[in-house]
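Subject: A structure for you to look at

Hi there,

I am handing over the structure we talked about, and my notes follow below it. Please have a look at it first, then read on.

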Amino acid sequence: MVLALALGAAPFVAVTPASASGATGSSGVTGMTGTSGSTGSTGMTGTSGSTGATGSAGMTALRSVTMSSTSSPFQTTRFNAGTPYSSIVVKNPKTGAIESYGNSAITYNVPSSSLNALGEALYMSNCASCHGVAANGVPSGGTSGSYPNLVGLGAATIDFWVASGRMPAANPRAVQAERGIPRLNAAQAEAIAAWVNSLHPSYPAIPSVNLASANVSDGQALFALNCAACHTIEGDGDALAANTYAPSLRNIPAYQVVEAIRTGPGNMPRFTGNLSDFQVRDIVAYVTSEIQHPRNNGGLGLGGLGPVAEGFVGLLLGVGLLALVGYWVGERE
Amino acid sequence: MSEHEQRTPVAISGLSVDDPHLQPAARRPELVERVITILFVVGIILCVGFGVAYVQNWAPWTLGATMGGGLSFLGIGLIAWGKYLMPRGPFVEERHSLASSEEERTAFAAAVVERGGAVVKRRKVLGGLLGTGLGVFGVVAAFPLVRSLGPMPKGTLFHTDWAKGTYLVDITGRRVNVSDLAIGSIVTVFPEGMQDTDNGQAVDQTVLIRLSNSDFTTMKGRETWGPQGYVAYSKLCTHLGCPVGLYEQELELLVCPCHQSMFNVLNGAMPTFGPAPRPLPQLPLMVDAMGYLQSQSDFKEPVGPGFWERRS
Amino acid sequence: MSKTKATKSTNPYGKVGDILNELDDRLGVAKGRSLLDKVFPDHWSFMLGEIALYSFIVLLLTGIFLTLYYIPSSSLVTYHGSYLPLVGQKISEAYASSVNLSFAVRGGLLMRQMHHWACDIFVGAIIVHMARVFFTGAFRKPRELNWTIGTTLLVLAIAEGFLGYSLPDDLVSGTGIRIAYSIILSIPVVGTYVAFFLFGGNFPGMTIIPRFFIIHVLIIPLILLGLVGAHLYLLVRQKHTQFPGKGRTENNVVGTPMYPVFMAKTTGFLLVVGGAIALLGAFAQINPIWQFGFYDAARISYAVQPDFYMGFLDGALRIMPAWEFSGFGHTIPLEVTLPSVVFPGIVFTLVYMWPGIERKYTKDNELHNLLDRPSLRPKRTAAGASVFALMAILFIGSSTDVIANFFHMSLNTVLWLMRILTIVVPLITYPVTYRICKEMQGFAGAGKRKTTNVVVRTADGEYVATPAPVYVDDAHHELDALPVPTFVVESDEVAPSVAEDAPTGVRRAER
């Protein structure tokens, strides 16, 4: 049984997960409150646990929620920022495990444990040769090398790398894995994510975003301030230092945008407590509307390369063509 | 003066109408004329089309296409008319020496030197004073033109709004807490209250990066500047002032998007590549009782690009 | 003009003749007949300056339209227009009015795009025209002043373009203004004063957009109009240069008369230039400011370059190593001042002084009305090609990140490549161009139209090539040049008012 992942198209509201997907075991919603949330979710001690004196104090509040993870790389204590400390938390009534959490903007779904067997099989045949049978970056028959340790990174991380086609790596020696046609489809990616996450459960889980009340204008402002420096204001991406690069955003599904923002893959910084889920939703709305469907009222977009392309067109097409007309007007002697 | 007092040279000549110079260049002028007729008619239709497109509010590209096409067709027709149907020539015109004759040159020099120069020579003092007066006027007239334009350089070139105990806020005005950011996160921060102001954005802008979970020292003497792994650098590139927003977390580099200067965030934003000459100034941070980040003081040096009065 | 009551005109040239007489009574226009007779040599390369002139006219006309809508103010307003990603944001009035012009004003986007394309074509045509003037030696005596005026026009056109695309206050052009501010700041001794005076304080301030506006629509256009007028006046007064050829000497001009042939062709060209710019404005989007968002000093986009005519500055800034002089209590940011202030200063001073330099070097003080074929002056051609190559490499250097992205190379590698190329390419261009010119000199008929050859195989197996007779239609039969006729007469008539002893075609110059 596979959780129906809303790939950014249909809004997925966490309030009624059971009927939508038929996932086993979830008979209702526990711990639901409205948006205030800080005392509604079970196991939450609000912000009192995190007095900010040390980082670890902030973590204790989350420990009971996050399925006994030690410090996840994605720590934050901010409310509605991609961790289970969110408005809506759905737990399995029998086991008490968190199945999804989130709010009206983004819902993070923990992949079902029923996928673990499939995921393990897929992992062993596709990923273990580099990342090791224990998913800790130690390939079998070799020394612990430069392959990343995948344990404790959360389902979203694994799902992003596999579903975007970057993994299994076409060229393991490349400085940066390229987005490409995925070798494993979205369902398989989720299965692998399910198994790897089960080794050491963590967050963020796999997001699905509801763009219904998104504010594209706020999204534009946040995009310009946080994203355009690497991905360009047009969203085309560009080369960065030492053979790394920021990829183009023209072809990425909405949920993968959330995954990338929250997990910070590769050299991309991660945005955890610095952006709330509502802000991330606004950014996703901006990316999926204006970046991926730009308003080119003025004609051909010229590749969005800006003044360089415009200069070539102006010189070659404009001056060049007019010089040719001049060649006709004048004489050759 | 001669009786034919005329200013411009005038040649009068006649040419027979069947002289080959007056014939059209086209071998078949009637055919060319028909083609030009078609060009003109199409041009007129397109120009009318522009009017229609405007009134009917068609898509923007139709306005340009009709106007462009109309003008182009009319223009090509006119060029073809001039090139193929008008007298083909070629015609010649004599150049006359631009220089005047010797007598005229002498007369001119005499007028300038003897009439004018002689006068001034006789009244040297007056001439000198006049020159001085005009010169002085020229200089002081420039004063309001230049000085009134703006204030003297000072102030924000040398210091920012960061001070002891200023809270770090993001663009929405929300204070940043130590438990907010994960390792590898970056956020642009401003002094509290300044996030919407010109000065706040242009001068005070700072990037906050979390490098670890424990206190981080970038260089000697800065042991207290990086509480709980948070380091803050001025976002103004020391090359030309562009915001250095591009952070590569695995390479630990801040890259400036304008001219690709690269700064190493681990050792005080030392420039490792590109044209930037100086490291990004680091903002000393501290944490208050509630966990909110504050600045210990202003930057220890002027932020942004270099200028003459900058001491270091 | 008074209408004659029902009486037929007694003027042999009818009503038109009457009108001309009336004008002559008031203005003495008949003495200007020589203007109608002016002969223009019409080699195609002389059309390049016209491209610049006519795109300037398009700039003026489209610019007037834009000034009726654009608001030159940095005051903040809340956007409530049709472009959703901006709705509710506080943006400057300059940006809001530019977006409004693009979306809400009918024809506004077309005018904006035509204006911007016309500017690119304007500067591009000036550069190409200037190259033609340089490589053919048209700047020599007596035309040095025109060369100076022309170079000034180029500098002003570049400045005008920069000011113009900065007016909408969008993210891309605002970044350019930030860089310009820092460049001014870097000037030793006076930099901070000039920057604070010009901007009314520290960056960004509220005064720079209105100041850019008035410089862009009033001050520089007035200077441009005056200089263009002077440029054209000198051209008419000194007469155009021409290439050497049949019937062409240092003391004449062979070509087409101003009226009607040249006027027809040049007006047609004006229409075509306008049409081409309109077609570009229709189909090729340029400067989509709504996609960039407004300028905010904390925002930045990657892959930002200036318009192409400023590209050489950006490229120079990128490749310059990080040398900064700091001592005696002062800082001179050489990594900024050298590439963006000193280098262009040197280049443009060289350009201004070139006629003098060449005169000194060749010891040639003669008047020159005949042009050089570039291959006949290999040193000048090679020098010009070198400088051109340097500017071209610097322009390419302004897109290091785009190149790295496109070719999947490391940014660091591309930058080092550009640094090396900037030094090596101009050094190689000189000798290569020199050699090419020398080769062309030695090759008879270089640059001329080639004739066909008939290849005959003899019985012995030898191949002989002989020039084939030229096709009738292909032949370029140029007649001997005649003076422009004042009267066109039937063959058996006698031209009126021509004294019998006055030989035709001889000018009577009376002062």
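Let me start with one residue in chain C. C:L232 is found in helix 9 of chain C, which covers residues 208-238. With a relative accessibility of 33%, C:L232 counts as partly exposed. The C-alpha atoms of C:L232 and C:T413 are separated by 48 Å, and the two residues are 181 residues apart along the chain. Please keep in mind throughout that this is a predicted model.

Staying in chain C, C:H116 lies in helix 5, residues 108-136. C:H116 counts as buried because its relative accessibility is 9%, under the 20% cut-off. Leaving aside residues up to four places away in sequence, C:H116 touches C:Y165, C:I286, C:N287 and C:D307.

Helix 12 of chain C (residues 311-319) is worth a look too. This helix is mostly covered, with 9 of its 9 residues buried. Among them are C:F312, C:D314 and C:R318. What do the buried residues of helix 12 of chain C pack against? Their partners in chain C are helix 7 (171-185), helix 13 (334-362), helix 14 (378-397), helix 15 (400-406) and helix 16 (411-442).

Next, some backbone details. Most residues other than glycine have a negative phi, and most peptide bonds are trans. Here are the exceptions I noted:

- The peptide bond from A:M167 to A:P168 is cis, with omega near -5°. A:P168 sits in the loop between helix 5 (155-163) and helix 6 (186-199) of chain A.
- C:F203 and C:P204 are joined by a cis peptide bond, with omega about -10°. C:P204 belongs to the loop between helix 8 (191-199) and helix 9 of chain C.
- B:Q228 is not a glycine, yet has a positive phi of about 55°. B:Q228 lies in the loop between strand 5 (206-210) and strand 6 (230-234) of chain B, and counts as buried at 8% relative accessibility.
- C:D169 is not a glycine either, and has a positive phi of about 60°. C:D169 is placed in the loop between helix 6 (144-166) and helix 7 of chain C, and is buried, with a relative accessible area of 12%.

Now for chain B as a whole. Its secondary structure comes to 5 helices and 13 strands. The radius of gyration of chain B is 38 Å, well over the 20 Å that the globule rule gives for 312 residues, so chain B is more spread out than a compact globule. Its C-alpha trace spans about 105 × 75 × 40 Å along the principal axes. Buried residues make up 47% of chain B. Chain B has 26 positive and 28 negative side chains, and the centres of the two sets lie 6 Å apart.

Finally, chain A has 11 helices and 6 strands, and 55% of its 333 residues are buried. Its accessible surface comes to about 12,600 Å², with 60% belonging to carbon and sulfur atoms. The mean pLDDT of chain A is 77, and 76% of its residues reach 70 or more. Over residues 1-70 of chain A, however, the pLDDT is below 50, although this stretch has 117 contacts in the model beyond near neighbours in sequence. Where pLDDT is low, the predicted coordinates should not be read in detail.

Terms used: Residues are numbered from 1 along each chain as its sequence is written. Chains are lettered from A and ligands numbered from 1 in the order in which they are written. This is a predicted model: local features need pLDDT of at least 70, side-chain atom pairs count only at pLDDT 80 or more; totals for chains, interfaces and linings use all residues. Side-chain values use heavy atoms; hydrogens and water are left out. Helices (H or I, at least four residues) and strands (E, at least two) are DSSP runs, numbered from the N terminus. The radius of gyration is taken over C-alpha atoms; the globule rule is 2.2 Å times the number of residues to the power 0.38. Buried means under 20% relative accessible area, exposed over 50%, partly exposed in between (1.4 Å probe, protein chains only). Lys and Arg count as positive and Asp and Glu as negative; His and the chain ends are not counted. The place of a charge is taken as NZ of Lys, CZ of Arg, CG of Asp or CD of Glu. pLDDT is the predictor's confidence in each residue, from 0 to 100. Contact means heavy atoms within 4.5 Å. Accessible areas come from the Shrake-Rupley method with a 1.4 Å probe; for residues, only the protein chains shown count as cover.
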